Amino acid sequence: MSSDASTVTLLPQAAGYGVLVGVGGGFAIGMVITTNLLRKYMKEDNNSTETFAVANRSVGTLLAASAVYSSWSWADELLWTTTMVYNYGVQSSYFYMSGLVIQIAVMAMVGIHAKKKIPKAHTSLEIVELRYGKLAHLLYMFLSLTTNLVSCASMILAAAGAISIIAGNLHIVAATILTIFSVLCYSIYGGLKATFLTDFAHSLILLIVLCYFNTGVLTKIGGLDELYDNLAAYGGSREIPGNYANSVITGKSQGAILFGLILTCGNFGLTVMDSSFWQKTFSATPRATVPAYLTAGLAIVSNVWPLGAIIGGAAITLENSPQFPTWPRKMTQFEIDSGYALPYTLMATLGKGAVGGLLLILYLAVTSTISAQMISVSSITTFDIYKKYINPKAHNKSLIFVSHIACIIFTFGAAGFSLMLHYVGVNMTWFGYFTPLIICPGVIPLIMSIVWNRQSWYAAVMSPILGIVFGFTVWTTTAYKLDGAVNITTLGGQLPALYGALTALFLPGIASVIITLAHPQKFDWKVLQQATILVDEEGDSENTEDNTVELVPEDNFKVNKDKSNIELNIESDQSSSTSATKLESQPEESPTTLQPISPKELDLWIKISTGAAIFVLLIMWVLWPLPLYRNWIFTREYFKGYVTVGLMWLYATLLVIGIGPLVAGRHTIAFIVRSLYRDYIKRK
């Protein structure tokens with residue numbers, strides 16, 4: 001960090017320790033208590049592998065939507081949005097939100113395909129192994145684990161760095177270790193269901209704080225008219241290559257669209273290749289999967305839409321004012337690239353309380369990510385390494401033990417890796433430009449593995465390798481051709497990163513089709529549907545065929561209730577929040593329902609999700625932004641309407657994602673409260 005940056009003190013170190021230790025400890029204790037209550041009254045056994053890894057495949061629509069929303073609310077999302085608006089203008093945040101929506105829509109389509117074709121899966125890699133065998137399994141395992149490491153480290157790098165500068169230059173090692181410790185505790189204890197519950201709590205707090213930030217900053221800077229006047233007057237005061245008239249409120253921004261393309265490519269890798277996003281799909285009920293993902297997709301834009309226009313715009317106009325923390329100097333390049341524009345702007349407008357709120361939501365966002373990554377890696381270690389290659393007859397107890405060990409090793413490994421990145425001088429922006437090269441090559445082949453029965457073994461294995469090789473080749477050669485050298489600085493340029501990312505993402509898809517045509521194969525999806533991959537909760541895994549759940553005709557749904565009570569629990573439309581539990585041991589007044597879903601209905605959801613993905617792509621990447629890419633500066637009316645709708649979207653998201661799960665889950669909450677009253681209060 002530069003010496004200039006180190007002179008900026010926003011909050012005392014005690015504030016950082018208060019959030020990292022106090023809030024972290026509170027969440028850990030709260031989730032342990034909640035897990036115990038669910039185990040006692042809802043019979044959700046956190047020592048069950050099915051519960052730990054996929055939450056019994058029982059999560060309803062609104063809770064799943066809240067978890068998906070939280071999963072895409074990354075710690076660097078808020079920081080990077082403000083940074084890119086500062087660099088290239090308001091249109092940067094538009095392309096950020098466009099990328100988020102299309103990723104979630106695609107995952108809705110992929111997820112419902114997986115629900116139909118392999119309803120008993122725990123990880124995406126099980127699909128690869130069953131379809132293509134050991135070599136492909138090992139290749140995609142490497143790509144997935146690399147994605148987990150890169151994803152987790154990038155979030156820790158951004159959040160720990162920001163927490164360090166916000167909290168009185170708190171030591172980066174302390175910020176990193178304390179960030180991961182509490183989430184390690186509750187994730188190991190509660191598994192994926194604890195992750196869903198903390199995701200909901202994180203989403204609620206995040207949305208409340210974002211409503212306060214955007215409304216408060218807009219009020220402090222004088223409202224929409226004042227913000228527009230300041231941004232319009234700012235045009236031309238500094239050079240922004242590729243922006244029409246150097247304006248920050250123009251739709252013609254080359255830097256913004258290049259950033260959006262790089263980000264979208266990278267985030268496709270972070271979602272499709274990250275098994276934690278597949279696990280959220282596996283954990284939702286079949287009927288909840290597509291509505292949950294599409295709801296989250298509509299909601300996620302509220303994170304960056306008003307934030308970019310209001311706080312990003314305020315960062316641009318306030319930097320030269322005395323209340324800005326760096327005044328009389330401007331921000332250094334290190335501060336800009338590390339995302340400090342957001343905390344500096346909050347300090348200049350709303351004061352220390354708002355910066356404390358930012359500290360809180362950054363911590364919650366990064367812990368949400370770490371928790372999901374932790375469960376993902378533990379599931380891969382458990383099902384795709386230990387059970388597949390080391391102990392095929394492993395039963396529930398040993399699998400849970402391996403899951404816990406994997407959580408610990410991965411979490412501290414990712415923390416160490418992020419610290420290494422910090423000390424070698426890698427910042428959030430450079431790392432964000434680099435990651436698509438290593439995580440994108442498997443995206444399209446993996447999607448084809450579950451949606452296209454023609455993709456051959458040769459295509460699945462060779463195409464990701466080609467993507468990696470040619471992605472790095474294009475990245476380095478473009479940097480050399482444009483700047484005459486290959487080093488950290490030139491490789492961090494937008495064009496080398498963009499060309500490398502596009503090559504890494506799309507070349508494997510093209511190669512897969514060509515190779516498949518040269519070596520055609522046809523796969524029978526029944527191999528996935530009939531696979532014996534459920535875990536015997538009590539005994540030898542050889543007996544798991546008694547536990548299988550098959551999709552059957554609409555009027556002939558069957559659930560096989562053996563001693564382990566493995567079941568496919570489908571929520572009802574009237575009670576989407578009810579939990580899947582062991583019916584035979586469920587308390588009489590528990591609000592549990594079980595309803596069938598047919599292959600015909602799954603096919604309908606597949607069509608809906610596919611149509612939604614195409615619709616989102618056309619609206620967010622073609623019909624809305626391209627007409628704005630011309631020699632035109634936003635009018636006052638357009639800008640005010642754009643920001644106003646963004647604020648309305650944010651408050652609507654608070655109601656749906658933040659409050660909705662509480663309303664939907666009111667019966668379960670009431671049941672647990674009545675049970676507690678009966679057992680502890682009334683008895684006394």
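Reply: Helices are DSSP runs of H or I at least four residues long, strands are runs of E at least two long, and numbering goes from the N terminus. Counted that way, the protein chain has 27 helices and zero strands. This is a predicted model, where local features need pLDDT of at least 70, side-chain atom pairs count only at pLDDT 80 or more, and totals for chains, interfaces and linings use all residues. Residues are numbered from 1 along each chain as its sequence is written, and side-chain values use heavy atoms, leaving out hydrogens and water.

Me: Where is Asn-246, then? And what makes its phi worth a mention?

Reply: Asn-246 is in the loop between α10 and α11. Its phi is near 55°, which is positive in a residue other than glycine. Most residues other than glycine have a negative phi, and most peptide bonds are trans. Ala-245, in that loop too, has a positive phi of about 55°.

Me: Is Asn-246 buried, partly exposed or exposed?

Reply: Buried means under 20% relative accessible area, exposed means over 50%, and partly exposed is in between (1.4 Å probe, protein chains only). Asn-246 has 23%, so it's partly exposed. Ala-245, at 46%, is therefore partly exposed as well.

Me: Why is Thr-503 given the label it has?

Reply: Thr-503 has a relative accessible area of 18%, so it counts as buried. It lies in helix α23 (residues 494-518). Contact means heavy atoms within 4.5 Å; leaving out residues up to four places away in sequence, Thr-503 touches Phe-470, Gly-471, Val-474 and Pro-508. Over the protein chain, 63% of the 684 residues are buried.

Me: What makes a set of residues a nonpolar core?

Reply: The members must be buried Ala, Val, Leu, Ile, Met, Phe, Trp, Tyr or Cys, joined through side-chain atoms within 4.5 Å. The largest one here has 191 residues, and those with the most contacts inside it include Trp-72, Tyr-140 and Phe-639. Helix α8 (residues 134-166) gives the most to this core, with 18 residues. Apart from it lies another core, of six residues, among them Ile-112 and Trp-605.

Me: Which residues form the nonpolar patch on the surface? And what makes it a patch?

Reply: Patch residues have over 30% relative accessible area and no salt bridge; like charges are joined within 9 Å, nonpolar side chains (Val, Leu, Ile, Met, Phe, Trp, Tyr) within 5 Å. A salt bridge, by the way, is a Lys or Arg side-chain nitrogen within 4 Å of an Asp or Glu carboxyl oxygen. The patch is Val-173, Ile-177, Phe-181, Phe-401, Ile-405, Ile-408, Ile-409, Phe-412 and Tyr-423, with about 840 Å² of accessible area together. That area comes from Shrake-Rupley with a 1.4 Å probe; for residues, only the protein chains shown count as cover. Ile-177, in helix α9, is at 31%, so it counts as partly exposed. α17 gives the most to the patch, six residues.

Me: How does the span of α17 compare with the expected one?

Reply: The expected span is 1.5 Å times one less than the number of residues. α17 has 28 residues and reaches 41 Å from first C-alpha to last, close to the 40 Å expected. Just after α17, Gly-425 takes a positive phi of about 90°.
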